[in-house]
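The stops below go from the whole chain to single residues.

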Amino acid sequence: MNSRFVCVHGHFYQPPRENPWLGAVESQPSAAPFHDWNARITAECYAPNARCRILDSAGRIARLVNNYDSISFNVGPTLLGWLERHDPTTYSRILEADRRGIARFGGHGPAMAQVYNHIIMPLANERDKRTQVVWGIADFKHRFGRAPEGMWLAETAADNKSLLALADAGIKFTVLSPHQAARVKPGASDVWIDVRGGKIDPTKPYQCHLPGGKSIAVFFYDGAISQAIAFERLLQSGDKLARRLLGAFRPHLDRAGRQLVAASTDGETYGHHVAFGDMALAYALDAIRTSGEAELTIFAEYLEKNPPVDTVEIIEPSAWSCTHGVGRWNSDCGCSTGGEPGWHQSWRGPLRTAFDNLRDRLAPEFEAGAGQFFADPWAARDGYIALILDRRPEAVSAFLAEHAGRTLQASDRVAALRWLELQHQCLLMYTSCGWFFDELNRLEPTQVMAYAGRAAHLAEQLGVAGVEDALREDLAAAKSNIPASGDGRKIYDTAVRPLRIGLDRVAGHTAVAALFGPDLEKTLTYSYEVDVGKLRHFQAEGRPTRMVCGRVLVRDRVTEESAEFTIAAIHLGELDLRGGVRPAGDADDDAQRDWRLEVAFSSQDFSTVLKILDDEFAARNYSLKAVFHDERDRLLRQILAPAAGKIEEQFRKVVNEHEATMLLLHQLNTRVTPAYRMAEAFIVNQDLRRALERTDPDQDAIRSLAGRAALSDVPLEYQELNYTAAQAVARQMADVRAHPTDVTRITRTVRLVELVGTLRLKPDLWQAQNDWHDLRHGEWVDLPVLAKAALTDLGRRLNMVVD
């Protein structure tokens, strides 16, 4: 029986990035070619770890494995929620890994829970500690279908009160850094041994006794190995990783029984921070499993077989990423990610103080306001996770009936839900990333300020005056390192206040967007439902001018607030676009206005249309700025397409007229005119994108363009073309997957992969390889001989082991 065990833990987490008013992550250009950083890191880390490659000696893909079912892991609840909506395949594979792990690890699943939105628990008040744990457990049960045994603390930040919150909720264990241990007491001994400075033996679990007779088991990961994985390039080789883990056992301890070597890092290390780190991990896990030198395990399984004998006391408070307790999240402690010389982090204290003041200012208001509807407002807050996970009207009604004890009228439902959502935002504003980095004017601090702003907005909608003004005043004490950014109040006013919207702004968005959208009965605009069934669309005869007018009903799916509006908008060409919104009035008056608009528009009397808009909607005029960010980008592309087409036409004319001359210059190795070179590069890249984006990529065009790019040394836009080519090959492979006996389809895909290679592109063929693997291990045996031969050729092109 093996006495040596290895456990690798991955803490997979991204901060919530949603616009708090929309409930959605808007595009982040720095993550290009992906929509946002969640999407990019999913492609680089979360998805690859669920279908990870193990290569043979020739570098070909021999097997696909799911790393999650062989390691201990936690995935942040807010990240899991995003994955469920945007990458359900990866989401389901993570859940499946836990189910498979239960069979592998003696009935214990490899997944651990996490405090809900990654707050620094020692800095939280008792109520917030409790809700974070309750929500983390509820989210875990909802997704994994079982109760968690362990819970990950954000940044492993801990004190005894935080550990007690876990123990009170039935959590059996957590994982900390070795530098968080203060002293240990072996077995039944009365002697305490000082282990500060990371001197604790991390090969076994410890019991930590807490107030009230409670206790919790604590594992301490191997600090040196974890540091090497995260920061010292240990993941350059899966073999080196395996040897480092197997070499960490302590020979002098063998006589005492079993040992555990546990490494713990951010999960994003495996693929995002370290390219191909997921593959190094998969190789190492496989090497350890087959070596016979140790057995892979997870914390929960090891704890059952090896209950703690020794007792530990921890340093309070402490965390794995701050050497000053938890100063990184409330002071200028010296811990940062760098920044410019001379930068400070003195903004951290005022930022936290501003949020603490907001929380404490709203707590009695919440008790009084929500107390009108709930017997125990704080218990209702603890239960609100059920609605965060399921906002169907019937689920809301059941929740309100349970916590209110009576049927609430529509207006009372809105108020009750507003109070609860206010508390949700008050928790989100403490997400740890807001304080982690070096500067106040970054995405992360701005994001947590946005959550605070949303809480203040909800408070004012509930009749609590002056909340945002007080918040802005407090934020003024947080000073940026960047002179132009000023302070927290200026950053809030610049970056957060423009996000603030009401139902009328959603109606304004609808007015403008409806000019270019399909004629629908209902539409979902982020967290809002809009009934557009009463809108009428008009197109001017022989002109690009269009108009929309009528009524819309806007409903907030979070708070159930709803209102009806009259809207009208006209597009006169390019960016000349006007729209108006006003609360719906008398039906006859609104119908008369719409009739006047229709008459004027039908006769192409557009000046009268504009005058009606100015007269009737003077207080609430909207333009393209009213459209929400992602939709605005789409509309701009649509509106400017004719102008872009004209520019392209001119570029194409230049290229075609001078093609022979420039080709001769290339052949003579003479410098080509920069203007021509720019035009040619634009046309070649544009045509390549279009050829690749076709449902059935135009291979003749791609072949011709590849030759031209090579001959003229055209600078290709590799990042975008790699992304587009990967999508094209994936589409073709999906077609093959659906028609595996069609040799023509298979051959066409082979040729596309070849063509991509001639362009010197290096697309990520991850999805196509997955589909080929699934086909090879699925219906392969029943396929005709010719199809198998063609698929074998395709597999080789995709770098798969085909034997």
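The tour starts with the overall fold and then moves to ring pairs and backbone details.

**Whole protein**

Show everything as a cartoon first; this is a predicted model. The secondary structure amounts to 29 helices and 20 strands. With 803 residues, the globule rule gives 28 Å, and the radius of gyration is 30 Å, close to that value, so the protein is as compact as a globular protein of that length. Along the principal axes, the C-alpha atoms fill a box of roughly 95 × 75 × 60 Å.

Switch to a surface. The accessible area is about 33800 Å², and carbon and sulfur atoms account for 51% of it. Of the 803 residues, 54% are buried. If you colour by charge, note that the mean positions of the 94 positive and 106 negative charges lie 3 Å apart.

**Aromatic pairs**

The whole structure holds 24 aromatic pairs. Select Trp135 and Tyr384: the ring centres are 6.5 Å apart with the planes at 50°, so this pair is tilted. Trp135 sits in helix 4 (residues 126-144) and Tyr384 in the loop between helix 11 (377-383) and helix 12 (385-389), so the pair ties together parts 249 residues apart in sequence. Both Trp135 and Tyr384 are buried.

Next, select Tyr206 and Phe220. Their rings form an edge-to-face pair, 5.8 Å from centre to centre and with 70° between the planes. Tyr206 belongs to strand 10 (residues 206-209) and Phe220 to strand 11 (residues 215-220), so this pair ties together parts 14 residues apart in sequence. Both Tyr206 and Phe220 are buried.

Then select Phe12, Tyr46, Tyr68 and Phe73, which ring pairs link into a cluster.

**Cis peptide bonds**

Zoom in on Ala32 and Pro33, joined by a cis peptide bond with omega at about 10°. Pro33 is in the loop between strand 1 (4-12) and helix 1 (37-50).

Move to Glu316 and Pro317, where the peptide bond is cis with omega near -20°. Pro317 is in the loop between strand 14 (311-314) and helix 10 (348-370).

**Positive phi**

Which residue lies in the loop between strand 5 (111-114) and helix 4? Select His118, found in that loop. His118 is not a glycine, yet has a positive phi of about 65°. Its relative accessibility is 2%, so His118 counts as buried.

Finish at Asn799, in the segment after helix 29 (785-797). Asn799 also is not a glycine and has a positive phi of about 65°. At 34% relative accessibility, Asn799 counts as partly exposed.

Conventions: Residues are numbered from 1 along each chain as its sequence is written. This is a predicted model: local features need pLDDT of at least 70, side-chain atom pairs count only at pLDDT 80 or more; totals for chains, interfaces and linings use all residues. Side-chain values use heavy atoms; hydrogens and water are left out. Helices (H or I, at least four residues) and strands (E, at least two) are DSSP runs, numbered from the N terminus. The radius of gyration is taken over C-alpha atoms; the globule rule is 2.2 Å times the number of residues to the power 0.38. Buried means under 20% relative accessible area, exposed over 50%, partly exposed in between (1.4 Å probe, protein chains only). Accessible areas come from the Shrake-Rupley method with a 1.4 Å probe; for residues, only the protein chains shown count as cover. Lys and Arg count as positive and Asp and Glu as negative; His and the chain ends are not counted. The place of a charge is taken as NZ of Lys, CZ of Arg, CG of Asp or CD of Glu. Rings of Phe, Tyr and Trp (its six-membered ring) pair if their centres lie within 6.5 Å; planes under 30 degrees apart count as stacked, over 60 as edge-to-face and the rest as tilted.
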